[in-house]
Amino acid sequence: MNKTSPSSKSFQCAVEAALTIIGGKWKLIILWHLFKGKKRFGELRKLVPAATQKMLTQQLRQLEEHGVVHREVYKQMPPKTEYSLTQFGTSLAPILECLNAWGKANLHQICACATREASNSAGEDD
């Protein structure tokens, strides 16, 4: 297997490297919403209701640290913070669009899988 170019971290493949940036339960969903335009934290909370405030904050901070998301703090009362994609983050647009298209095309099968997983999980609780 080829390793990526030398750095402080070696990866087995480029997908592994990419997942260090965009891997995480809510990151792709956050990126999808930011792909549509700037959002305030409260807007993202409404758009990703299953994510806890702590998890959403953590995922946004990681995306910001990796240069995918820009956080703009406005000094006003009440304080205002907006999140947007950086140029690096915008480069993910084709991936997000393909993932969205794949999800739409396979929604029936995806829902069936999710239903089976939910019923299997419920059966484990007995």
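## Terms and model

A residue is called buried when its relative accessible area is under 20% and exposed when that area is over 50%, with partly exposed in between (1.4 Å probe, protein chains only). The structure is a predicted model, in which local features need pLDDT of at least 70 and side-chain atom pairs count only at pLDDT 80 or more, while totals for chains, interfaces and linings use all residues. Residues are numbered from 1 along each chain as its sequence is written, and side-chain values use heavy atoms, leaving out hydrogens and water.

## Helix α4

Helices (H or I, at least four residues) and strands (E, at least two) are DSSP runs, numbered from the N terminus. The buried residues of α4 are L56, Q59, L60 and L63. Viewed down the helix axis, these residues fall within an arc of 100° (taken from the directions from the axis to the C-beta atoms), so they line one face of α4. The face turned away from this buried side carries the exposed residues K54, R61 and E65.

## The nonpolar core

A nonpolar core is a set of buried Ala, Val, Leu, Ile, Met, Phe, Trp, Tyr and Cys residues joined through side-chain atoms within 4.5 Å. The largest one has 19 residues, and L31 and L60 are among those with the most contacts inside it. Elements giving two or more residues to this core are α1, α2, α3, α4 and β3.

## Two backbone features

G67, which follows α4, has a positive phi, near 80°. The peptide bond from M77 to P78 is cis, with omega near -10°, and P78 lies in the loop between β2 and β3.
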